[in-house]
Amino acid sequence: MYPSRFAYDAPSSLEEAIAILDAGGGEAKILAGGQSLIPMLKLRFAAPERLVDINSLPGLDYHRVDPDGTLRIGALCRHEDLEFSDKLDAFPTLAQAAALVADPIVRTRGTFVGSVCHADPQGDWAATMIALDGSIVAQGPNGRREIPMSDFVLGPFVNALAYNEIAVEAVIPAAKGTARGGYLKLERRVGDFATASVAVALDMDGDTVRRAGCALAGVGGRTIDANDAISVLVGKTLTDENIAAAAQAVAAAAEPRTDHRGSADYKRHIVETFVSRILTNISRSEQKAA
Amino acid sequence: MAPLDELKIGGMGASRRRVEDNRFIRGKGRYVDDIVLPGMLHMEVLRSPVAHARIKSIDTSAAWEIPGVRLVLTGETMAARNLAWMPTLSYDTQAVLATDKVRFQGQEVAAVVADDPYIAKDACSKIVVEYEQLPPIVNPVQAQAPDAPLIRDDKENQPTNKIFDWEIGDKAATDRAFAEADVISKTELHYPRSHPSPLEPCGSIADYDRATGKLTVYMTTQAPHIIRAAVAMVAELPEHMIRIVSPDLGGGFGNKVPIYPGYVVSILASILTERPVKWIEDKSGNLISTGFGRDVYLQGEIAMRKDGKILGMRMHTISDHGAFYADAQPTKFKIGLMHSAFACYDIPAAHLTSEGWYTNKAPGGVAYRCSFRVTEAMFFQERMIHNAANDLGMDQAEFRRVNLVKDDMFPYRTAFGFLTDSGQYKKCLDIGLEAIGYQNFKAEQEEARKRGKLLGIGISTMTEPLGAGNSREYDIIGIKMFDSAELRVHMTGKAILRTGAKTQGQGHETTWAQIVAHELGIPADDIVVEEGDTDTAPFGMGTYASRSTPVAGAAVAMVSRKIRAKARKIAAHLLEVSEEDIEWELGRFYVRGNPERGVTIQDCALAAYSNVPDGMEPGLENNAYYDPPNLTWPFAAYICKVEVDPATGVWDVLKFVAVDDCGVRINPMVVEGQIMGGLTEAYAMANMQYITFDEEGNCIGANYMDYLLPTAWETPGFELHEVVTPCPHHPIGAKGIGECATVGGPAAFVNAVINAIEHTGVRNVDMPLMPNRVYEALKTGSDISGMPPVRVD
Ligand SMILES: Cc1cc2nc3c(=O)[nH]c(=O)nc-3n(C[C@H](O)[C@H](O)[C@H](O)COP(=O)(O)OP(=O)(O)OC[C@H]3O[C@@H](n4cnc5c(N)ncnc54)[C@H](O)[C@@H]3O)c2cc1C
């Protein structure tokens with residue numbers, strides 16, 4: 001497993017990193033946790049001329065909740081930081097996903113932002129970001145801009161960043177009302193990518209759903225945005241009938257293909273089962289709380 | 001003098017910590033890739049991207065132009081030295097670098113030797129090969145189609161893709177048994193292709209010294225002496241000028257028995273460049289091209305009386321060997337020891353027919369952690385037994401009790417002619433049933449159904465032939481399958497032991513020393529064990545098929561006894577009595593009737609170099625070659641309880657009980673480690689592991705994202721139990737244990753999952769039982785076969 005020749009930089013400031021990217025004219029690539037990029041280099045699926053290692057950039061390893069409840073995740077926040085975080089009480093979807101991304105070894109190095117940038121159709125974090133209506137803050141030579149998730153992932157492994165931009169932060173808005181949600185993933189083994197996974201995020205007003213978000217990984221050529229599908233729940237309570245209707249609507253939005261992980265029908269069935277399980281769990285815990 | 005405490009000196013039965021772990025856990029193991037020789041070059045292999053194609057041209061000019069490239073080799077280079085093809089361990093031939101055609105995806109086409117591996121890899125990508133694609137054959141059904149393209153058009157007298165027909169047993173008697181039967185039970189299934197996948201891939205460093213004429217090869221091999229013999233034959237070098245060194249190995253599991261093209265090419269590259277040449281294959285290269293395991297289809301039938309007694313059994317197997325018949329197995333047997341199936345059951349008549357086919361897939365058919373095809377044999381057996389009990393309407397445990405060989409029937413001759421010699425089968429089964437709570441299971445199952453969960457229980461009982469083998473029947477390319485040990489006791493009573501086996505994780509450095517400690521009373525810590533260097537180790541057949549303890553381990557005991565016999569003479573001399581008046585206790589000789597007067601084994605060692613009796617040669621060393629009278633036959637009862645989630649097909653192991661009888665346990669901790677590791681591999685095969693191919697012959701499973709190895713995270717816990725029935729013919733009563741769990745384990749998992757869903761009418765789901773397949777079976781109530789239909793003659 002020997003990659004092609006590449007140059008390597010480890011800048012110590014964001015400005016320097018952006019300048020190197022800018023000078024690279026599209027031939028330089030950012031190296032964050034390396035958990036996707038390094039395998040691609042070794043398999044020679046990618047052969048960039050230059051790697052810009054951002055691991056020594058100061059002040060990017062945070063995740064914090066602003067006074068208004070907004071969650072901000074810095075570019076060097078690792079999967080593991082989120083797995084063991086005590087700041088995610090209001091973000092149950094993220095808290096549940098954190099322990100299901102990859103395996104413990106990968107989680108010590110891989111970054112949340114890097115995973116979203118990688119835009120793998122089977123990636124877990126991009127799905128949670130879509131369900132939670134998050135956005136990415138990008139910084140380039142001309143300053144900062146915020147890109148909503150709905151515009152960020154352009155296709156499989158393609159994001160909306162310009163070659164000289166760095167994603168510095170992921171932003172996830174606070175729920176309006178009570179945050180409820182869940183993440184379920186079918187994998188063949190720990191560390192496997194999703195055969196199918198489901199992210200659900202609800203903003204609840206008492207027992208009524210005010211906003212519903214949902215996205216799917218592993219069941220399409222890109223992360224599936226199922227926000228529209230699950231919006232059948234908006235203004236409703238989590239009755240068995242409403243849950244079943246939402247689960248069916250979301251399953252219909254999936255675009256699975258038959259492969260060695262299972263048939264398209266099977267994957268669609270898993271999506272439906274998982275949506276229904278997440279929603280049923282939420283409704284049960286609501287009842288318990290009441 | 002108080003007698004020595006055997007456990008304290010690390011003798012038999014001591015759970016002594018593994019001495020090799022001292023270096024492994026510190027990262028100080030020395031593997032082939034850790035070895036750096038002065039002036040060493042690096043080799044990379046270019047592999048075929050397609051499964052079946054004629055090579056029209058190979059253009060290497062651009063590769064030669066890259067600075068740092070020293071040599072580019074193609075089939076033509078090899079052919080000029082008569083090395084384009086090499087013999088396999090099954091009397092076939094295998095391409096070293098392809099000349100005429102490529103016959104599987106991943107086949108070796110060219111190689112580049114350069115100053116570093118990066119350059120070599122860069123240069124490989126500059127080699128232009130023009131292929132004319134041919135239709136690929138990816139299973140035996142396609143292979144036998146009348147218009148199937150001929151894969152081995154290189155061979156004379158090979159008009160079809162069939163490799164062999166083979167049969168054993170008594171057809172007439174078996175037919176009679178079926179004619180008399182009340183019930184006949186049929187089972188068809190496929191044991192999918194898997195891969196031993198040792199963590200360390202294969203590799204070599206060839207170092208040819210033109211001045212001395214000596215070729216040294218550091219190599220990842222489980223059988224260095226067989227390799228030396230083969231290299232002597234293939235490369236036509238004199239055997240004394242070849243030294244094969246197998247350093248620390250990162251696992252083998254049968255994958256490191258065969259000879260691979262990379263080894264041969266690195267040797268020629270070193271001869272041509274007169275520099276050491278290192279070749280280390282990457283993980284994908286290992287998975288896509290080297291010896292796989294299994295890939296056998298079964299059609300099996302059992303004939304029974306109403307009361308449950310089995311009258312006869314017949315099996316037909318159809319095996320897929322890939323493009324070259326390169327199985328590593330004893331020469332006499334075309335489909336390994338498949339006929340060891342049903343050896344634990346008392347069955348009067350049996351008949352096995354086997355056919356083998358070429359396909360456009362990687363060659364191999366290695367004994368992946370088993371004696372030659374025994375894993376398939378025992379899986380087929382236990383799936384057939386499971387179905388038979390159901391077809392009869394008899395309880396699984398009761399059906400086995402009726403048919404297992406009883407304790408008083410040993411020695412027992414099986415219908416296929418094996419002689420099993422000892423065991424307490426029913427006792428093992430009963431211990432397992434008790435531990436799993438078999439009594440209450442039916443009630444538990446009922447209760448779980450009310451919760452929407454499906455419980456299942458699966459039993460697998462088996463004895464398997466380990467320790468090939470006696471020289472009457474077992475040889476590989478003509479070399480008899482004995483093994484050897486050489487013991488040299490130094491003046492101060494410390495010792496070095498060498499054997500013809502080759503540890504690759506089994507812990508020989510620990511356990512061999514314990515055998516010597518048991519025989520001589522020398523503390524195990526005073527004995528160093530060395531293996532793997534053909535210039536120093538005695539000739540042996542290496543380590544695979546659980547043969548180390550049954551064969552080399554026996555040689556260790558025998559050589560220790562020879563040493564003791566000489567030491568006794570020295571003791572008599574030192575104590576000034578006649579040899580007949582000398583008694584032995586662990587570590588010490590004393591004068592009969594006067595136990596206070598004695599000398600230790602260490603005293604004798606010193607005297608061997610300083611004070612020997614007149615007429616005796618000085619020194620205290622010897623060797624032993626051991627030709628075992630029979631195989632050893634360990635027994636195992638594995639019982640598994642699972643819970644299936646009907647909504648997803650996901651299944652969890654609630655409890656797994658393993659009862660193993662491997663005779664006397666030298667180091668119980670090492671034995672338990674072997675069982676745990678084997679059950680983990682069994683779980684992998686049952687649950688997630690397989691190599692498959694698409695219609696174009698592309699290998700799905702040539703990386704660890706597709707070829708799944710279970711980790712500590714999902715592997716269930718195992719509860720281990722022990723029964724000891726010493727092997728009557730082994731010098732220390734031991735039987736093989738390295739592979740029982742891999743061999744017997746898969747059926748326990750599968751039978752359990754099938755049991756959980758068979759109320760829907762499902763009889764079989766082929767491995768791996770991935771959730772989607774279990775769900776599909778449940779939903780449709782029909783069998784799931786991963787294989788295309790196979791023609792029945
Ligand atoms: C064995 C294994 C199992 C895995 N299993 C899963 C799984 O189950 N689910 C899952 O979701 N993922 C999985 N992954 C992928 C893992 O989550 C990666 O960590 C993640 O996809 C990428 O994050 P990274 O920080 O490692 O990014 P890198 O590998 O460093 O980079 C990935 C890509 O994103 C770009 N990039 C990274 N950071 C930035 C940035 N700040 N701004 C702009 N571009 C950037 C890089 O240039 C590169 O193109 C697995 C990985 C491995 C090795």
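These notebook entries record what I looked up in a predicted model with chains A and B.

**Conventions.** I number residues from 1 along each chain as its sequence is written, and chains are lettered from A and ligands numbered from 1 in the order in which they are written.

**Confidence.** I read pLDDT as the predictor's confidence in each residue, from 0 to 100. Chain B averages 95, and 99% of the residues score at least 70. I noted that pLDDT stays under 50 over residues 787–793 of chain B. For that stretch the model has 18 contacts (heavy atoms within 4.5 Å) beyond four places in sequence. For the complex, the predictor gives an ipTM of 0.95 and a pTM of 0.96.

**Nonpolar cores.** I took a core as a set of buried Ala, Val, Leu, Ile, Met, Phe, Trp, Tyr and Cys residues joined through side-chain atoms within 4.5 Å. Buried means under 20% relative accessible area, exposed over 50%, and partly exposed in between, with a 1.4 Å probe and protein chains only. The largest core holds 136 residues, and B:M315, B:F342 and B:W651 are among those with the most contacts inside it. Helix α18 of chain B, residues 740–757, gives the most to this core, namely 12 residues. Helices (H or I, at least four residues) and strands (E, at least two) are DSSP runs, numbered from the N terminus. I also found a second, separate core of 56 residues, which includes A:L71, A:I136, A:A138 and A:A170. Returning to B:F342, I listed its contacts outside four places in sequence: B:I302, B:M313, B:M315, B:I347, B:Q381, B:M384 and B:I385.

**B:P465.** I located this proline in the loop between β20 (454–463) and β21 (475–476) of chain B. B:P465 is buried, with a relative accessible area of 0%. Leaving aside neighbours within four places in sequence, its contacts include B:L337, B:S371, B:M378 and B:W633. B:S371 is 94 residues away from B:P465 in sequence, yet 7.0 Å away in space, C-alpha to C-alpha.

**Sheet in chain B.** Three strands form an open antiparallel sheet in the order β26-β27-β28; I count strands as paired if DSSP finds at least two bridges between them. β26 (582–585) and β28 (594–600) each have a single partner strand, so one side of each is left without a neighbour in the sheet. Neighbouring strands are turned by 35° on average, direction ignored. β26(B) and β27(B), residues 588–591, pair over four bridges, and B:E585 has B:R588 as its bridge partner. Helix α16 (601–610) lies across β27 and β28 of chain B, at about 50° to β28(B). Axes are lines fitted to C-alpha atoms, for helices over the stretch in contact, with angles from 0 to 180 degrees between N-to-C directions.

**Strand β12 of chain A.** Nine of the 10 residues of β12(A), residues 196–205, are buried. β12(A) pairs in the antiparallel sense with β11(A) over nine bridges, and likewise with β13(A) over nine bridges. I noted A:G181 with A:A201 and A:D205 with A:T208 as bridge partners. In the hairpin of β12(A) and β13(A), with two residues between the strands, A:G206 takes a positive phi near 60°.

Terms used. Predicted model: local features only at pLDDT ≥ 70, side-chain atom pairs only at ≥ 80, totals over all residues. Heavy atoms only, no water.
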